[in-house]
Amino acid sequence: IEWDDDDNIDMQDVVEAVQCLIDSAVIWELQGSYQRLAFDMLNDGLVSIPDNYTATLERRQFPEVFNS
């Protein structure tokens with residue numbers, strides 16, 4: 001994420017960052033404000049849940065099963 005000279009941030013950078021956190025399921029381990037941001041962005045259609053999301057969540061919840 002890049003900041004401009006006036007300390008503003010590009011919204012597209014935020015959308016891409018949140019999408020990456022959703023894709024990896026890391027978002028659900030972060031502070032609640034980040035999770036609320038993700039839900040708002042999901043509701044606004046700015047980000048989406050990947051098709052393979054259940055598998056991603058299971059890998060994060062049970063890493064010993066997937067890393068053996």
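This is a predicted model: local features need pLDDT of at least 70, side-chain atom pairs count only at pLDDT 80 or more; totals for chains, interfaces and linings use all residues.

Colleague: How do you know that the span of α2 agrees with its number of residues?

Modeller: α2 has twelve residues. At 1.5 Å a residue, they should span 16 Å. The end C-alpha atoms are 16 Å apart, so the two values agree.

Colleague: Which residues of α2 are buried?

Modeller: Ala 38, Met 41 and Leu 42. They cover an arc of only 105 degrees around the axis, which puts them on the same side of α2. These buried residues pack against α1. The face turned away from the buried side carries Arg 36 and Asn 43, which are exposed.

Colleague: What makes Trp 28 and Phe 39 a tilted pair?

Modeller: First, the distance. Their ring centres are 5.3 Å apart, and the limit for a pair is 6.5 Å. Then the angle. The planes stand at 40 degrees. Stacked needs under 30 degrees and edge-to-face over 60, so the pair is tilted. By this rule the count comes to one aromatic pair.

Colleague: What does the pair tie together?

Modeller: Trp 28 lies in the loop between α1 (11-23) and α2 (32-43), and Phe 39 lies in helix α2. The pair therefore ties together parts that are eleven residues apart in sequence.

Colleague: Why is Trp 28 called partly exposed?

Modeller: Its relative accessible area is 27%. Buried means under 20% and exposed over 50%, so Trp 28 falls in between. Phe 39, with 47%, is also partly exposed.

Definitions and conventions
Residues are numbered from 1 along each chain as its sequence is written. Side-chain values use heavy atoms; hydrogens and water are left out. Rings of Phe, Tyr and Trp (its six-membered ring) pair if their centres lie within 6.5 Å; planes under 30 degrees apart count as stacked, over 60 as edge-to-face and the rest as tilted. Helices (H or I, at least four residues) and strands (E, at least two) are DSSP runs, numbered from the N terminus. Buried means under 20% relative accessible area, exposed over 50%, partly exposed in between (1.4 Å probe, protein chains only). The expected span of a helix is 1.5 Å times one less than its number of residues. The arc is that of the directions from the helix axis to the C-beta atoms. Contact means heavy atoms within 4.5 Å.
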